[in-house]
Amino acid sequence: MNDAPDAPGYWGPSDQQFQPYRPAPQPQAPRTPAHPAPGYGEYPAPAPAPGHPGAPVHPGAPGGGGIRSDHPQQPPVYWGGDAEETQVMPPVPADPGPFPGAPDPGPQAADGSGPAREAGRLSGPLFRDEPSGPDAPGGSETVVLRAITGDATPAPGHGTPPHPGAPVHPAPPPSHPAAGQPAFAPSSHPGQETPVAAQPAPQPEPRKQRGGRNLQAAIGVGVGLGAVIVASLFVVKALFLVVVMAAVAVGVWELTSRLSERKQIKAPLVPLVVGGVAMVATGYWAGVQWAAASLALTGLAVMVWRMAAPPENYLRDITAGVFTAFYVPFLATFVAMMLAADDGPQRIVLFLIVTICSDTGAYAVGYKFGKNKLAPTISPGKTREGLAGGIALSMLAGALLMQLIIDDGSWWQGLILGGCAAVTATLGDLGESMIKRDLGIKDMGTLLPGHGGIMDRLDSLLPTAPVVWLLLAAFVGS
């Protein structure tokens with residue numbers, strides 16, 4: 001072993017790696033290493049400065065490090081081609097900086113020769129520690145760049161890692177890229193994104209009308225029905241009677257069809273239609289007694305007609321048939337009896353307007369001010385404020401029309417008639433809502449666009465007709 005100071009080199013105590021050096025030109029006292037090795041020089045690893053792991057330690061700093069020479073300004077001389085080494089190393093930035101979890105540089109190595117090496121730094125005979133910094137000779141920096149997209153700077157935790165060795169998480173593609181920019185999807189390679197086919201922008205949902213109705217179609221159909229009614233009333237009274245009979249026949253068909261579809265109730269249709277038309281005709285020409293007799297005969301016809309089918313569900317079917325005969329044609333008979341009076345067309349106009357005002361006032365006031373539900377389990381759209389608005393508007397219309405178009409009528413009679421008509425119209429609407437909820441349907445039919453079926457328009461008119469007929473008979477006679 002050669003321990004002389006002018007030997008070519010020896011192993012250092014703190015960094016056991018091969019480092020040749022050039023001896024100082026001036027003589028100096030010999031320094032014996034702790035573990036000398038023949039023919040080698042010592043170049044200990046620089047110790048990191050406090051507060052910056054991995055920073056170089058200037059020669060002569062406490063804790064070892066530096067060139068063992070009295071002239072530290074002279075750089076070491078490295079060997080030539082016979083000292084070549086090949087080692088695959090990961091790309092490391094020029095100045096990685098402190099990374100999370102690095103140990104405090106203060107603790108010393110176990111053998112006391114110098115500061116302990118920090119976790120994650122490579123050392124040993126095959127590697128050399130060079131001062132890290134922007135001015136280090138041959139220093140280079142490798143940065144992983146993500147694919148260029150239209151989105152902004154990646155959020156923390158995505159895109160380029162904050163320090164070498166950290167896992168790379170690709171930035172998520174923007175949910176709505178800018179116009180002209182392609183959309184990107186995450187790739188299996190860190191820092192890269194794969195363009196995907198552009199997806200069409202979601203279309204806004206069409207705005208629905210209140211209650212799911214087409215308001216324009218509803219208004220158009222309503223105006224058309226009003227024109228037919230007025231033309232038939234004031235041209236030939238019997239023509240309006242035909243309109244009532246047609247409405248009764250269609251209403252009976254809609255109700256029996258929905259009962260059969262939803263509940264498998266087979267109410268006889270033929271006796272109900274024939275008996276309904278007979279009730280309306282006898283009520284107009286013969287009065288209420290004959291109309292009641294027609295109702296009784298229609299019930300008997302339903303019972304006999306149903307006997308042709310098997311006896312299963314017989315009681316259920318004839319009960320539904322009798323209910324249908326009473327609910328649609330018999331209540332409509334009171335409209336025909338109002339028409340039979342000398343001022344019949346005026347009474348029909350009063351009856352229709354107060355009922356329509358009840359529905360219109362309830363809709364307008366409830367839409368604007370409605371907060372307290374009237375019957376949430378039956379009709380969630382109806383409110384108490386709407387009911388009050390409907391009653392008020394119906395009473396106002398009743399007072400005006402009773403005074404103006406009814407012979408011997410008075411405004412206070414119109415107030416009573418309008419209030420009662422609004423209440424019965426609301427009850428009739430709720431009654432049909434109960435039927436439709438029991439059947440699990442929204443409308444009784446689709447004959448009238450924006451309204452549903454005929455029965456969806458007769459729901460408030462049918463129970464109001466006998467009340468208006470009775471009050472008119474009491475106030476001004478029949």
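Q: How far apart do the end C-alpha atoms of residues 347–366 lie?
A: In this predicted model, residues 347–366 are 100% helix and 0% strand. UniProt, in an unreviewed entry, lists this span under the feature "transmembrane region".

Q: What is the helix content of residues 412–430?
A: The unreviewed UniProt entry also places a "transmembrane region" at residues 412–430. The end C-alpha atoms of this span lie 28 Å apart.

Q: Is helix α6 parallel, perpendicular or oblique to helix α8?
A: Helix α6 covers residues 344–369 and helix α8 covers residues 411–439. Their axes are 9 Å apart and form an angle of about 60°. Because angles of 65 to 115 degrees count as roughly perpendicular and those under 35 as roughly parallel, α6 is oblique to α8.

Q: How many residues of the contact of α6 with α8 are charged?
A: On the α6 side, the contact is made by Leu 350, Val 354, Thr 355 and Ser 358. These residues meet Leu 417, Ala 421, Ala 422, Ala 425 and Thr 426 in α8. The residues divide into 6 nonpolar and 3 polar, and the number charged is none.

Q: What is the handedness of the crossing in which α6 passes α8?
A: The two helices pack with their axes 9 Å apart. The crossing of α6 past α8 is right-handed.

Q: How many helices and strands does the protein have?
A: Along the sequence, the pattern reads β-β-α-α-α-α-α-α-β-β-α-α-α-α. The secondary structure comes to 10 helices and 4 strands.

Methods. Residues numbered from 1 in each chain as written. Predicted model: local features only at pLDDT ≥ 70, side-chain atom pairs only at ≥ 80, totals over all residues. Heavy atoms only, no water. Axes fitted to C-alpha atoms, helices over the stretch in contact; angles between N-to-C directions. Parallel < 35°, antiparallel > 145°, perpendicular 65-115°, else oblique. Left-handed = near helix turned anticlockwise from the far one by under 90°. Contact = heavy atoms within 4.5 Å. Nonpolar A, V, L, I, M, F, W, Y, C, P; charged D, E, K, R; others polar. UniProt positions renumbered as here; feature names shortened; annotations may be inferred.
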